[in-house]
Each structure stands twice: as C-alpha cells, then as structure tokens.
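Subject: Structure for your review

Dear colleague,

Please find the structure below, together with its sequence.

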Amino acid sequence: MAKDDARSRQADTAARPSRRDFLRSSGAVGVGGAAALAGRDAAAADAADIKWDREVDVVVIGAGASGLPAAIAARDGGASVMLLEQHFDIGGCAIISGGTVHIGAGNRIQHEKGVKDSPDLVFADWTRPGHKAARYNDRDLVRRFADENLATFDFLNENGVQWGQLSGPQSASTVPRQITAVEWPVRSQLVAFDQQRNGSGVVRPLEMSARRKGVEILLQHKMTSVVREGHFAGRVLGVTAVQVDRWFQPTYQTLNVRARKGVILATGGHGGNVELRRVFDPRLTAEYQAHGEDLAPHNGDGEIAAMAIGASLWATANQTNEAGAAINKGRLGVKNNYIRGRFTPESPNFFRARASGQVVHDWQNVILVKENGKRFWDETKENYDYHAAALAWSGDPKKLNGGGPIWAIFDADAVEREKWKTDYPYVDRAGGYFFTAATLIELASQLTRNEYQWRPMPGAELQATVERFNSFVDGGKDLDFNRPSPPHKIAKPPFHAAWATPCLHDALTGLRTNTDCEAIDLYGKVIPGLYAVGESQGGFQMHGLARCIVFGRIAGMHAAARA
Amino acid sequence: MSLEGTALHRQEIELALAEPVPEEVDAGAQLMLAIRIAPSGLNLVGTLFLITADDEVRTRGHLPDLAGEDRDIARIAFTAPERIGEFALRLIIPEHEREGTICREASLSLRLRTRPHVTSLAVWDCPAPVVIGETFRLKVGAQCSSSCASLPGCAIEIHDESAAVLAHAALGDTPWPGTQALYWAEIELAAPGREGLHAWTAKLAARELGIAHSQASFAFTVLADAPAAHLVTVAVVEAEKRTPIDNAQVRLGARRAATDERGLARLAVPGGNHELSVWKAGYEAPTSTIEVIQDASVAVEAVLLPVEDPDSYWQG
C-alpha cells in the first residue's frame with residue numbers, strides 16, 4: 001500500500017502486531033520465500049544441522065478440519081502422532097464454520113430421507129463441464145474423494161460427530177448431500193455464538209477422540225520450515241517450529257520434530273497472505289481481510305514451506321473462476337467482517353476481533369463508497385460483478401491494484417430503521433473501522449484514522465455523492481447504478497461511516513498432490529514424506545469441510561502406512 | 001536587571017519540539033506545544049516564557065511542571081493567530097537567574113500556517129413530495145471544523161435553481177442531538193409552483209463570522225406534486241402463498257408509504273398515470289404504471305428470492 005510505516009504503526013494498537021510485522025517475523029515473504037525464523041532458511045535447510053528435539057512417526061501441522069482427521073487416521077494406523085497448532089485452541093476456522101459436510105454417495109442420512117446417491121454420481125457432479133465449480137477440478141482427486149465419502153462418513157460417526165439436517169443440493173451437487181453436525185453442547189468450548197456455527201460439532205468430537213487415542217497436541221506452536229534431506233531432493237525428515245504468543249508472535253522457544261513417516265500440512269490455505277494470494281489475483285491487496293484470519297491465520301505457511309523444498313501448486317484456475325465462495329460482502333464496522341464470523345465479548349477470540357460488527361438487513365439503508373467517496377455499484381446486489389466493481393481501480397495513480405477500503409455511509413434514520421447499535425462492542429471505533437460526524441465533510445475527514453485509508457477521502461466528493469443519491473430517492477430512479485427505487489435519503493445527522501470492505505473467504509487452490517495427498521514437485525515427482533490437505537491442497541474446488549476431512553483422513557492413513 | 005559580570009554559574013538551555021506541530025491549523029485553533037528542554041532535570045517551574053508570532057508577543061506565561069519520563073517536557077497551550085497567513089513563531093525563555101545559576105536565553109523557531117475554518121452543512125427532514133400551493137419545513141445544520149462558538153446566529157439561506165434566495169433563518173444555539181456542534185435552524189418554505197424535481201441549495205453566510213470560514217453549501221432536491229385527489233390502496237402479497245408482506249416500501253408516482261402488517265399501503269395521489277414500485281429486501285416485485293381516475297385498490301405480487309447460504313455464495 002502507498003502508506004508510510006509510521007502511519008501504519010500508529011494505527012495499530014500497542015498490543016496488536018500489524019500484518020506487516022507479522023509477515024516480517026513469520027518469514028512469510030511470498031512464493032519462493034523461506035521461513036527465516038531463528039536464523040534458519042528453510043530453502044537451504046541442511047538436515048545435518050538439525051538437532052531434533054523430538055521424534056514421532058507423523059507430524060501434522062494445523063488442528064482444523066483436515067489436521068484433526070489426519071492425526072486420528074494416522075493414530076488409528078498405529079503411528080505416533082504429534083499435532084502442532086499455532087492458536088491456543090484447536091479448531092482452526094472450522095470451529096466457526098456452519099458445520100455442514102458435503103459428503104454423500106448414499107450415506108445413512110441420505111437413505112433415511114430417500115435420497116439416491118452413489119460415488120459415481122458424486123464424481124459425475126463434481127467433474128461435469130457444465131458447472132464452473134466442477135469444470136476445473138482434478139478428476140483423479142474427485143474420484144478418490146467420491147470413493148472415500150462413505151468411509152469418511154463412518155469415520156466421523158466413529159469419532160463422535162452427531163448429525164442434524166440434510167440439505168442441498170447446492171453448488172455442483174445434483175442431490176441433497178450436505179449434512180450438518182449438531183453444535184457442540186459445551187458452551188464454554190465454543191468460539192462463536194448464535195450464528196449456527198455448528199463446526200464446533202465436528203472439531204470438538206474429533207479433538208476428544210484424538211486426545212483419547214493418544215495424539216499429542218501442542219498448542220501455540222507454529223511450524224517454521226519443513227526439513228528435507230537434500231536441496232529439492234530426498235525425503236522429508238521433519239519440521240522446525242517455534243512457540244508463539246496469543247498474537248501468533250514467536251517467543252523464540254524452538255522445537256524441531258523429526259517425522260519418521262511423514263509431515264502432513266493442514267495449514268488452512270493462503271487467504272491471509274497478501275503476497276501469496278496475489279499470485280492468483282493481483283487485485284487482492286492488503287485492505288482485504290481473510291475470514292477467520294485473526295482466529296486461525298491461514299497465511300500460506302504450509303504452501304510456502306512446501307514450495308521452499310520443491311512443491312508445486314495445482315489447478316489454480318479454481319481460485320479465480322468466480323464459482324466458489326472466495327469473497328464476501330460482509331458485516332459493517334469491524335475489520336474482519338465475514339458475514340457469519342461474528343465474535344461477541346464472551347468469545348475467547350474477542351480480544352482480537354475487538355467488535356462484533358453489524359449485519360445489514362436491508363442494503364437500501366446505506367450507500368457504499370470507495371476510499372475516494374464515490375459509489376461504484378447497486379448496493380442491494382452481491383455477486384462477482386459487485387466484487388469486481390469493489391476491487392476496481394479507485395483512481396489513485398499511486399495505487400493501481402485493489403479497490404481500496406469500501407465504506408458504508410448512512411444517517412441517523414438508517415440506524416433507527418436497522419436498530420443498529422453504534423458503539424462498543426458492536427463496532428470498532430477505537431481501531432478506526434467506524435466513524436460518526438455531524439456532516440458528511442467532517443465524516444470524510446476522519447477516515448484516515450483507518451490503517452488502510454491511505455489518502456484522505458475528499459469531503460466535497462462524498463457530499464456530492466450523497467447529494468446526487470438523495471436526488472435519486474426523490475426522482476425514484478438510480479441513474480448511476482440502477483438500484484431499485486431507492487426509498488431512503490441519507491440526510492439526518494449524525495452521519496456514520498462503517499468499514500464494508502469485502503472479506504475473503506475460501507482458498508480454492510493450493511499444493512499439488514496425488515490422490516494419497518502426497519505433495520508433488522514441479523517435475524511431477526512425489527516429495528516423499530510430505531502431504532498437503534484441506535485448503536492448502538489444490539485441485540478440487542469444493543467449499544467447506546468435506547474435502548478437508550476426506551483428504552485429511554486419506555493422508556493420515558497413507559502416512560501411517562509408510563515404511 | 002543585568003546579570004553580566006557576576007560570578008554566577010551559567011547554564012545553556014536548548015529547546016526542541018518533543019511532538020510534531022501541524023504545519024497548517026485552523027485560524028484561532030488551540031494548540032498544545034510539547035517542548036523538550038535540555039539538559040533534563042532543570043527546575044524551571046514558574047519560569048517566564050514568551051511566544052511571538054512575526055515578532056509580536058502573542059502569549060506570555062510561566063512554565064508548568066515538566067512532564068515525561070525524564071521530566072524534561074513542558075506542555076504549553078498556544079492559540080494560533082486568527083488571521084489567515086503564514087507565521088514565524090518563536091518560543092523564548094528569556095535569560096534569568098535561578099537558584100544561583102544564570103540560565104541563558106533559549107529559543108525555538110517554527111513556522112505555522114493558518115487556514116479558514118471549514119464549515120459544512122446538512123439538510124434534513126425535507127418532506128417528499130411537497131404539495132404545490134402549500135408550505136413545508138426543513139432543517140439545515142452547520143458545523144465548523146473547530147467547533148467554534150461563532151456559528152449560532154449565523155444566517156442560512158435557501159436558494160433555488162436561479163440562485164434566488166427563497167428564505168433564510170438564523171442558526172440556533174443548541175447543537176443537534178448526537179452531535180457536538182451542529183447548530184441548526186428550521187426553515188419554512190413555499191412549495192414550488194410546478195410539479196417535478198427542483199434543485200435547491202442551502203448556504204451558510206460565512207461572511208458574517210469574525211474568524212475566516214470557508215463557504216459552505218449543500219444541494220438538495222425538492223419534489224413537488226399536485227394536491228392529492230384519490231386514495232389508492234396497494235396490497236403487497238407474496239406471489240406463491242399469497243401472504244401479506246409488511247414494511248414493504250411502496251412508491252406510487254411521487255408518493256411513498258410502507259405497508260402495514262396486513263400488507264396494505266395507502267397513498268393519496270393526484271389523478272393520472274403513476275409508476276408503481278415496491279421494495280422489500282429479499283423479494284422481487286415488478287414495476288408497473290397505473291392510471292388513477294378514482295379511489296382504487298391494487299395488488300402487487302412479490303416473489304420471494306431464494307435464501308442464499310452466505311457460507312457458500314454464488315456456487316454455480
């Protein structure tokens with residue numbers, strides 16, 4: 001961003017490291033970059049230099065929707081397993097997911113509802129050329145996925161997951177095959193509340209089962225590199241890791257773990273890594289936040305560590321073919337604003353989230369403007385055309401990529417109609433994500449307090465935008481963006497500006513693997529002992545938990561069976 | 001008193017800015033200067049200081065207790081000149097004797113530009129439509145970037161498309177609720193004499209103010225309509241189940257109303273052709289044109305849009 005360091009530091013609270021600081025200390029410097037913690041360069045890691053602190057059969061990185069099943073399956077296969085997780089709790093983003101698992105193939109719940117399904121139909125649906133979520137998938141991976149659906153369903157049942165409703169069909173599926181877990185009943189072990197965040201009903205039972213079976217879970221440990229025998233050659237020997245604090249900052253207590261059989265990367269994808277996500281979409285500059293990244297920083301560290309020893313990416317079209325849930329319009333007034341990612345003060349993640357944000361019930365109550373004070377689309381719409389407009393150039397010759405912050409502008413009457421609360425803990429004023437002023441010009445002058453608003457919004461421009469919009473309300477037609485008969489002017493003071501920048505959601509591409517989830521290098525060869533699963537694995541665009549669980553289990557089984 | 005020639009110890013003092021001062025501030029703005037005094041540890045409480053602007057003394061005071069970790073920062077309040085321009089400021093601690101030590105004169109120079117206060121307006125509570133031949137009222141508020149107290153009593157003018165002044169009123173002295181210093185006035189106006197949209201402007205007559213203020217205006221539209229002649233009842237129902245939809249926004253010609261819990265909106269309109277549109281979040285309803293020649297009832301079917309799972313938007 002065209003923004004100086006001093007301003008960026010000023011915008012961050014003293015206790016809270018900035019994304020920039022985080023990236024610097026984590027060494028996540030982009031494709032080909034190396035994890036540089038503790039002076040070690042992963043790309044040049046010499047196995048002979050490593051003093052191993054521990055030795056196990058299988059090391060799993062990340063205790064989310066793919067890491068937990070991987071760890072359990074490896075343990076079921078007789079392996080000793082260590083699971084490293086950088087957060088102070090398990091669950092990754094899966095614990096704040098809806099808990100819906102898109103697996104069918106004729107499972108018991110489908111039978112009970114009279115739904116006919118089969119592995120062949122799962123394969124056919126998710127490889128069909130007529131559907132954009134299926135067209136670009138690696139058919140070998142989808143075949144394996146389809147063939148493992150029923151076994152994965154049984155695996156989840158055996159490990160304590162309980163099921164609620166069956167829903168669908170959605171996305172490329174042609175029959176209902178989405179089953180939703182029952183929310184975990186222990187409220188003190190939830191992370192997000194009151195938003196149907198049933199993902200707890202998947203990851204908590206798996207955590208209990210993993211611990212019962214003897215998986216060693218080390219929390220607040222971040223993998224910093226994968227160690228391979230030789231430079232782009234030989235088998236994978238283990239990982240280096242470091243303890244981190246609750247802001248994921250290293251404490252410099254290192255841990256090197258030798259993995260006799262394999263290392264499974266289940267690190268959640270790349271959405272929180274600005275440089276890596278821009279490999280796929282250069283528009284995604286720093287102002288876009290990735291869903292759940294404050295809870296589980298899915299910042300591509302698995303991909304980067306794997307690429308540093310020779311791994312390749314796969315099926316990258318899936319990230320940008322505008323078929324999947326890659327971006328979201330979000331809630332208002334909070335930095336990490338995924339529509340269903342609401343953290344309330346009772347959440348253990350609230351200290352990072354700082355506010356719960358406000359949901360817009362009727363977008364006719366606001367206008368959305370760019371950092372330049374201008375509207376850009378019909379606010380009542382949400383689709384990829386909306387997001388393309390939001391991400392389009394906003395006119396600063398010094399910043400051509402990214403669309404800049406998007407602000408919802410509204411008045412006192414809108415607050416009344418929406419019954420919004422405009423103070424703590426609902427919106428983040430202190431952090432610079434919600435502002436209030438007596439006039440629009442005064443409102444615009446405040447926005448530079450936001451860490452991503454790199455230049456002042458011209459107050460006259462914002463006022464002109466509102467004057468014109470208000471004339472559309474009187475005239476009955478939005479002459480600029482054809483918003484349906486706008487009913488409400490933005491007129492009564494005080495006026496508000498709330499962060500409404502789109503929020504990134506799924507990572508839909510990642511590392512190349514074979515159908516056993518073994519990582520493949522740029523020459524098409526297996527990297528022995530390295531696995532990639534979940535949103536860090538490329539090749540199959542399917543939203544949600546299913547591919548994470550299915551392939552996590554496959555990787556765990558395969559790693560445990562290695563000689 | 002001259003201190004030259006005595007045997008007293010001489011102390012040099014250096015002054016520096018401990019925190020940056022903006023290059024440009026509102027005329028008459030209250031500033032707090034943070035001055036670092038070296039060496040630290042000097043006891044200068046109560047020492048005379050002067051601040052000059054273009055060699056004219058603007059502030060004369062005595063140093064407060066020093067703040068900061070090293071007790072070396074003096075925080076000094078200063079009022080910027082009310083005139084617009086660029087000024088050479090000089091903070092001076094004159095030579096003086098203290099506890100047997102002669103403290104030599106110390107000074108610090110900095111430049112400061114003053115700018116007019118930025119004023120801005122808001123216009124609200126303008127009814128839509130207004131009825132030809134009747135009067136109506138709206139509110140105009142004015143805010144100053146320095147929240148200065150000179151706005152109450154200032155004149156607000158309403159101009160029409162030809163810049164003719166239609167009405168004026170003086171800003172009151174009580175800020176609008178929810179704001180710190182938005183002073184406002186309610187203004188009565190005669191509705192335009194012809195139907196349709198009229199582009200009017202509210203202006204603040206800033207020339208009356210002591211400190212220079214920027215000009216402020218706010219453009220708004222006035223929608224004028226003929227007197228109502230007929231009552232049209234619009235029933236909004238969900239297309240499939242025929243259930244009433246409440247709180248739908250209905251617009252018929254220039255008139256608006258929201259449906260009640262029975263899905264009914266009543267709109268008094270002039271006779272003639274009027275466009276009928278309905279908005280309710282989550283529904284889609286067609287826009288049509290109806291001819292009103294008498295009291296009438298109209299039904300609008302709104303189609304419920306599928307509820308999308310926000311966790312999996314736009315798949316397919």
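In this predicted model, chain A contributes 49 residues to the contact with chain B, and chain B contributes 37 residues. The two chains bury about 3400 Å² between them, and carbon and sulfur atoms supply 53% of that area. On the chain A side, the residues that lose the most area to chain B are A:Thr439, A:Asp474 and A:Pro493, which together account for 15% of what that side buries.

Turning to specific interactions, there are 2 salt bridges between chain A and chain B. In one of these, the side chain of A:Lys477 meets that of B:Glu275 at 2.7 Å, N to O. Between the chains, 13 residue pairs are in polar contact. The elements of chain A that each give two or more residues to the side touching chain B are β12 (327-328), α13 (384-390), α15 (440-446) and α16 (459-475). The largest share, 7 residues, comes from α16(A). By class, this side of chain A has 17 nonpolar, 21 polar and 11 charged residues.

As for chain B itself, its secondary structure consists of 27 strands and 0 helices. Its radius of gyration is 33 Å, whereas the globule rule gives 20 Å for 316 residues, so chain B is more spread out than a compact globule. The C-alpha trace of chain B spans about 105 × 55 × 30 Å along its principal axes. Of the 316 residues in chain B, 47% are buried. Among contacts in chain B with a separation of 6 or more, 59% join residues 24 or more positions apart.

Yours sincerely

Terms used. Residues numbered from 1 in each chain as written. Chains lettered and ligands numbered in written order. Predicted model: local features only at pLDDT ≥ 70, side-chain atom pairs only at ≥ 80, totals over all residues. Heavy atoms only, no water. Contact = heavy atoms within 4.5 Å. Buried area = accessible area lost by both parts, 1.4 Å probe. Salt bridge = Lys/Arg side-chain N within 4 Å of Asp/Glu carboxyl O. Polar contact = N/O pair within 3.5 Å; in protein donor to acceptor, adjacent residues only side chain to side chain. Helix = DSSP H or I, 4+ residues; strand = E, 2+ residues; numbered from the N terminus. Nonpolar A, V, L, I, M, F, W, Y, C, P; charged D, E, K, R; others polar. Rg over C-alpha atoms; globule rule 2.2 N^0.38 Å. Buried < 20%, exposed > 50% of the residue type's maximum accessible area, 1.4 Å probe, protein only.
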